[in-house]
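Subject: A structure for you to look at

Hi there,

Here is the structure I promised to pass on. Please open it next to this email and look up each residue as you read.

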Amino acid sequence: MLTDRLDRYIARNVLGAILVVQVVLLGLDLVISYINDLDDVEGNYGAFQVLLYLLMRVPWRFYQYAPVAVLIGALIGLGSMASSNELTVMRAAGRSLARILWGVMKPIILVVVVVLLTAEYVSPRTEQFASAWRLEQMQGEGAVLVQRGGWQREGDSVYRFGAIRADDTVLDLTRYRFEGRELREAVVAERAVWRDGSWQLEEVGITRFFDDRTEAEHHAQHPWQTNLTPAQLNRLLLPINSQAPSELWAYSRFLRDQGLQATQPLLYFWQKMLMPLMMGSLVLVAASFVFGPLRTVAAGTRVFYGVIVGLTFKYLQDLLAPASTVFGFSPVWAVLTPILFSAGLGLYLLRRSG
């Protein structure tokens, strides 16, 4: 019973500190983003709508700041217990360092579950809804959801998409069909509309290329035979870092089936799926600061070093992400390497502290 009480006490301190840090980070981000986004006010999109838009994006920000909140929260929670000599009393009573760390990891498991559920079911939907709502407030009904174009290959055809609206209507679509290396057909459509499970092109210009001539024709409507669905086009055109792990995995398989590289969606997929290991490694670093060489310094100093470690972790991931594309190694190693490095550093410092 004593063991359970101590675990609950450690978990309450660490989890409480993590929640406080997360609220502070989200609050600061909300204020800064609100000030910056006031420059985008136009049409029906006023100051109050800016606030609503940012509140819709809170789940995504919660997911983004979770690793930093875990690192700093663990530092503060354990640091406060160390400052009041509670950890020293626990160890003097026979509580091993490994057992204390397990008590710290228990609330982290809860945080990991909440973060993964948010990444899969909540933040992708709120991000898409928030983007569509914001643009409709600025541009009116039927606003363009994505204003950047995208390219996609399917079989013997290469597509260019200008934009996609909130109602899944594709704007400014161009299709190039090849036979070997010879261009045989070019199709330009003002829009593609999804109706009853199939695509219809509207205001279509078709140009066919033969060895001795060229033929052109125009259609008000024309069927578009493709395996691409609105969900797949959203994966292609919407920001990839806000997509759910299951969507990223499906998108990577689609790209592989087309003979294309799937490095980028796999990179974000592994970042989300290896989030538990990431948080665990950061907790080891935080614990090593409390029990290791920084145990006698002020709490603010420990937090400062924790922020430095967190930034180093992020920069290392940002460096390895493009390196996996350039040098062709698996994206999973671009995600695992910083995790293994921080876990190794934490274990080394904890071992030195005994």
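Below are some notes on what was found, one topic at a time.

First, some background: this is a predicted model, in which local features need pLDDT of at least 70, side-chain atom pairs count only at pLDDT 80 or more, and totals for chains, interfaces and linings use all residues. Residues are numbered from 1 along each chain as its sequence is written, and side-chain values use heavy atoms, with hydrogens and water left out.

Aromatic rings

The structure holds ten aromatic pairs. Rings of Phe, Tyr and Trp (for Trp, its six-membered ring) pair if their centres lie within 6.5 Å; planes under 30 degrees apart count as stacked, over 60 as edge-to-face and the rest as tilted. One of the pairs is Tyr-159 with Trp-224: the ring centres are 5.4 Å apart and the planes are at 55 degrees, so this pair is tilted. Tyr-159 sits in strand β3 (residues 157-165) and Trp-224 in strand β7 (residues 214-224), so the pair ties together parts that are 65 residues apart in sequence. Helices (H or I, at least four residues) and strands (E, at least two) are DSSP runs, numbered from the N terminus.

Trp-224 also pairs with Phe-161, with centres 6.3 Å apart and planes at 45 degrees, so that pair is tilted too. Phe-161 lies in strand β3 and Trp-224 in strand β7, so this link joins parts 63 residues apart in sequence. Are these residues buried or exposed? Phe-161 counts as buried at 0% relative accessibility, and Trp-224 is buried with a relative accessible area of 5%. Here, buried means under 20% relative accessible area, exposed over 50%, and partly exposed in between (1.4 Å probe, protein chains only). Tyr-159 is buried as well. Ring pairs link Tyr-159, Phe-161, Trp-194, Trp-199 and Trp-224 into a cluster.

From α6 to α7

Seven of the eight residues of α6 are buried, so this helix is largely enclosed by the rest of the structure. Among the buried ones are Pro-230, Gln-232 and Arg-235. Ser-242 is in the loop between α6 (230-237) and α7 (245-257), and it counts as buried at 11% relative accessibility. Which residues does Ser-242 touch, leaving aside its neighbours within four places in sequence? They are Trp-60, Pro-124 and Glu-127, where contact means heavy atoms within 4.5 Å.

In helix α7 you will find Trp-249, which counts as partly exposed at 35% relative accessibility. Leaving aside neighbours within four places in sequence, Trp-249 is in contact with Leu-266 and Phe-269. The C-alpha atoms of Trp-249 and Pro-265 are separated by 7.1 Å, although these residues are 16 residues apart along the chain.

Annotated stretches

The unreviewed UniProt entry has the annotation "transmembrane region" for residues 12-35, 62-79, 100-119, 273-291, 303-320 and 332-350. UniProt positions are given in the numbering used here, feature names are shortened, and annotations may be inferred rather than shown by experiment. In the model, residues 100-119 are 100% helix and 0% strand, with the end C-alpha atoms 29 Å apart. Residues 303-320 are also 100% helix and 0% strand, and their end C-alpha atoms are 26 Å apart.

Enjoy exploring!
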